[in-house]
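Trainee: Before we look at this model together, could we agree to go through it by question and answer?

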Amino acid sequence: MTPPRSALTREVTCIRSLAWRTDLPTAIDWPRLGAALEAAGLARRPAVGAMQRFATTGGDQVSLIPTTGRVQFRVHYTVPERERRFAAERLFQLVVRALHRS
Amino acid sequence: MDRYIEQAVAEIPQLIGIFVTAMPDSLLFSSWVRDGTSWSPEDVAAYFGDLVRANREGLKALGAWSSEMQVTIESAESLVVLRELSSDFVAGCVFERSAPLGMVRLHLKRLLERIAHVLPEVQAEDRPRGLRIMEFLDRYAPDPHAVALRVSLRAGISLDDLKMPGALTPDQVRRLEETACKILGVKQLGL
Amino acid sequence: MPIEDLRQLLAEQSLTFLAGIPYVYHCHHYNLFHDQTIDDALGEVDGARVRTTAAHNAFRELLGAVFAAAGATTPAERISLATEVFAWMGQGRLSLDVSGAGGRARSGSLHYGFAWREKYGARVKRDEPTDAVAAGFAAATSELAFDLAADAITATEHRCLATRDPECEFTLTAGKGHLSRPPVDEATVRRYVAPAIRGLDEDRVAAIASGLLEFMRAVHGDERGLVAAFNVFVTAHLPGYYNETVYEAVHHIERTAPAGVAAVEALVREAGQVCVFNTFGNVLLSPEWEGMVGPLSGIPTDMMAFCTAIARGLGFGHWLIHEYEPRKRLVIQATSNYEAPFYRTRYGIAKKPRSYFVQGATLAMMLLCETVRWTERPQLTNAYYIDLFRGKPRYRVEQTRCATRGDALSEYVVDAL
């Protein structure tokens, strides 16, 4: 398993604690990671250029940019602020487990 | 004073910063922060001073105020302890969260005794209320970059006059205060 | 008929229309700051009145055109379509229970109330409701649903998320009625645009803008009628609303308190800065941008091209870089913008430049391109905004040509001080 290059950190955001990020090596198998995320129950959304998007049933989003390794976790805005970090950590763990499986 | 504090904190490895705030205007008097921290001492000192003042007023409203009171704040990364050193000074100490509470209390007692010993006697100036209100707005207004413009429009005070808030007339100060309350959504300012 | 099908694009001018009525994209930071400025100028009571009236007028224009284009004729059809349009725009989901005599409306998710509570709720207590836009919309919908004259219905919000109520609630009652004005529609707008000209780096600006406009086609309200995109809340909104509120406020100050004109104009320009910092900044730092355009270089000429493209992509008009010498001078021209057609139609020829939003925006573009270290992933916080825009001014902006004044195009010159 290729570990993330960085831990979960707060992303640039104007809405408090809604966006988080980590960075993955660009050399990982991105199609397999995407497939593993779908197998874990995330729905693939239409891509935006090189950015791949996945969404949970609760409306949280995971965005992957294979060309740079950037991964953004976007917690749904209805999640109370005190719970947003935990929601982001769950998304982060989802990606880590998907990496492990891929 | 800063160098004295620097020597005093050398024995406390888990201390991240200390701020001494001059009251009643919550102005930074002295501070020390560990290398690598990016805090603004002026901002931290000001907020700590306001916090202690608000705490004091709250306890008075409960009939529970005591000159020995201490405010302790535990966050994910730090332990903050605020204490009044005298009527003119407040000390705020920020420790690593992992510091044992017993050690914190011991270090705090020694540190604050040393600092209190060397604090000067203060003859508090009567700082103009207009100036204090603008400083308060600067700290607490939601869009501080636009505060002077907003106040100018609402209160009908020219931008030039607002550049010297200490020189405002009593009527201007009254309008300024009303506007500040409106901007902050409060019935009166905590000044 | 899907709402998307009502969209039109005047591509060479980067202007967007819904059923022939102009619309643009703005984020919640700009929307809240704009409304706050109107209230600062006019006071809470008159501010709310002007904002509600402006929204009422703007939505009457929009919904009249939408109903005609969609063939919606019955009250039920019109109310349903109107609430779908409102939600599609990211303004929120509003339930209307109305007749020709008035009624009620409620929502748990309006853009202004929700965003205000999210941004300011922990810091400031608010006594007045904030959803004048929704109030104006509700009144316009009710009038048009029952074929009533303009202002036959008035709407007032008496509970609001921003004032810590669980929901926003409105009461609609009979108004006095007045004649409606002709809309500022695409045909009107076309009278006040100059032929599009090429600027510096035009091919790159145009390509990115085109990609952004295409991306924005898929951006619409979610099940709550809100749009969370680029780390902000976005609305498709009506220039008629922005323009009527700004110009009514500025003219009021000019008439009644001329000493305050400098402050109100500065605040409206500041709103342009707030938009560029928050909207443009968050677009640039978003994964969507990285996916569409690539990682940021931080090179000022690149960043200026990106900002210009973003302005076009949000429907602000055909902005172009006429001249750019990093750290010294920037000249942005606009063969179209969303301020001039309204001003010329409503007020005639201006005596001085009146394109306040773009004045502030171009000043902010200069600062953003010159000063922000984009490759270091800056946090676009309030504190950073203050760092950038307060303190000793580094640049000044002057609008040297203005379409509101009758010039063929608008020109904004930013010089280093």
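Trainee: In which order do the elements of chain A run from the N terminus on?

Mentor: Since this is a predicted model, we are reading a computed fold. Chain A holds two helices and six strands, and from the N terminus on its elements run β-β-α-β-β-β-β-α.

Trainee: What radius of gyration does chain A have, and what would a compact globule have?

Mentor: Along the principal axes, the C-alpha atoms of chain A fill a box of roughly 35 × 25 × 25 Å. A compact globule with 102 residues would have a radius of gyration near 13 Å, and the value for chain A agrees with this, being 13 Å.

Trainee: Which chains have the most contacts between them?

Mentor: Chain A and chain B can be set aside, as no contact joins them and their closest C-alpha atoms lie 12 Å apart. Two pairs of chains touch, and the pair with the most contacts is chains A and C.

Trainee: Which helix gives the most to the side of chain B that touches chain C?

Mentor: This contact takes 16 residues from chain B and 22 residues from chain C. On the side of chain B that touches chain C, the residues divide into eight nonpolar, five polar and three charged. The element that gives the most to that side, with five residues, is helix 5 (residues 147–155) of chain B.

Trainee: How are helix 4 of chain B and helix 7 of chain B oriented to each other, roughly parallel or roughly antiparallel?

Mentor: The axes of helix 4 (residues 129–140) and helix 7 (residues 170–184), both of chain B, come within 10 Å and cross at roughly 15°. An angle under 35 degrees counts as roughly parallel, and therefore helix 4 of chain B and helix 7 of chain B are roughly parallel.

Trainee: How many nonpolar, polar and charged residues has the contact of helix 4 of chain B with helix 7 of chain B?

Mentor: Helix 4 of chain B passes helix 7 of chain B in a left-handed crossing. Among the residues that make the contact are B:Ile133 and B:Phe136 of helix 4 of chain B, together with B:Leu176 and B:Ala180 of helix 7 of chain B. By class, the contact has nine nonpolar, one polar and two charged residues.

Terms used
Residues are numbered from 1 along each chain as its sequence is written. Chains are lettered from A and ligands numbered from 1 in the order in which they are written. This is a predicted model: local features need pLDDT of at least 70, side-chain atom pairs count only at pLDDT 80 or more; totals for chains, interfaces and linings use all residues. Axes are lines fitted to C-alpha atoms, for helices over the stretch in contact, and angles run from 0 to 180 degrees between N-to-C directions. Helices (H or I, at least four residues) and strands (E, at least two) are DSSP runs, numbered from the N terminus. Angles under 35 degrees count as roughly parallel, over 145 as roughly antiparallel, 65 to 115 as roughly perpendicular and the rest as oblique. A crossing is left-handed if the near helix is turned anticlockwise from the far one by less than a right angle, and right-handed if clockwise. Two residues are in contact if their C-beta atoms, placed from the backbone, lie within 7 Å. Ala, Val, Leu, Ile, Met, Phe, Trp, Tyr, Cys and Pro count as nonpolar, Asp, Glu, Lys and Arg as charged, and the others, Gly among them, as polar. The radius of gyration is taken over C-alpha atoms; the globule rule is 2.2 Å times the number of residues to the power 0.38.
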